[in-house]
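Here are a few notes to read alongside the model. Have a look at it first, then work through the points.

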Amino acid sequence: MWHVKAEVAPAILLVVDFGGWYKLDSKVSNESSSDMIHHTQVSLLKDVIVPYTHLLPRLPLSENQKREILLYFKGAKHRHRGGIVREKLWDLLINEPRVVMEEGFPNATGKEQSIKGMRTSEFCLHPAGDTPTSCRLFDAIQSLCIPVIVSDNIELPFEGMVDYSEFAVFVSVSDALQPSWLVNHLRSYSYEQKDRFRRNMAIVQPIFEYENGQPGGIGPISPNGAINYIWRKVHQKLPMIKEAIIREKRKPPGVSVPLRCHCT
């Protein structure tokens, strides 16, 4: 399959995030080697980050009700790789008042619990797990639960077209892991600020929707849905890809210039 990898690398790849690419290259026989898959194989320059499919139904702004819970999280406490931050946050937050941390899995019972939890909470915690992001972020947006993204390095869908700071709270890992810092920070937001976050979230809800709302999905795609936003993002990438290709072609023989992406 190695020739397939080489053939696919120059294409514009649709990826949910870049987390899964940071791993040992299995072609390396020495397991102690630190050789990594080069970041140019997946690149912000040429590739498009797409949203996970949300699992929870959309809550219209008109149906939003009073939220008694300050911060909500439902998921597995123990994860691999970046999940160590999740475990530490869990231990810090589990006994905080108006904070709900639930161990759960994506089954029918868990879905109903998540709908209730996200729709009755002001903020929804989004720590890294096996990958930097997950469908939980997009479930929170559809539930009008303000996402609290705890990450120092996360790439999100449609950035440049969507300003996440208008409806989400971004927190560094070092701040989040200070005792009581996170809950005190979230309590500092006024009602007006939280209301503005939710109104902005209601505007972008359709952008993360793949379905067109028609029976069986038959019919035209939504002009403001995820599919069209993906194509718009691809269109935005083309000038940068052409620039990278031209840059690579004009390189003098024998000169080594770091690849910006595998575009050729």
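1. First, the ground rules. This is a predicted model, with local features needing pLDDT of at least 70 and side-chain atom pairs counting only at pLDDT 80 or more, while totals for chains, interfaces and linings use all residues. Residues are numbered from 1 along each chain as its sequence is written, and side-chain values use heavy atoms, leaving out hydrogens and water.

2. Start with the open sheet: five parallel strands in the order 4-3-5-6-7 (strands are DSSP E runs of at least two residues, helices H or I runs of at least four, both numbered from the N terminus; two strands pair if DSSP finds at least two bridges between them). Strand 4 (99-103) and strand 7 (169-171) sit at the edges, each pairing on one side only.

3. Now look at strand 3 (residues 69-75) and strand 5 (residues 121-127), which pair over three bridges. Tyrosine 72 has cysteine 124 of strand 5 as its bridge partner.

4. What does cysteine 124 join in a disulfide? Its partner is cysteine 145, at S to S 2.1 Å (the cut-off is sulfur atoms within 2.5 Å). A search of the whole structure finds one disulfide. The S-S torsion is about 105°, so the disulfide is right-handed. Cysteine 145 lies in the loop between helix 4 (135-142) and strand 6, 21 residues from cysteine 124.

5. Buried or exposed? Cysteine 124 is buried at 2% relative accessibility, and cysteine 145 is buried at 0%. Cysteine 135, at 22%, counts as partly exposed (buried is under 20% relative accessible area, exposed over 50%, partly exposed in between, with a 1.4 Å probe and protein chains only).
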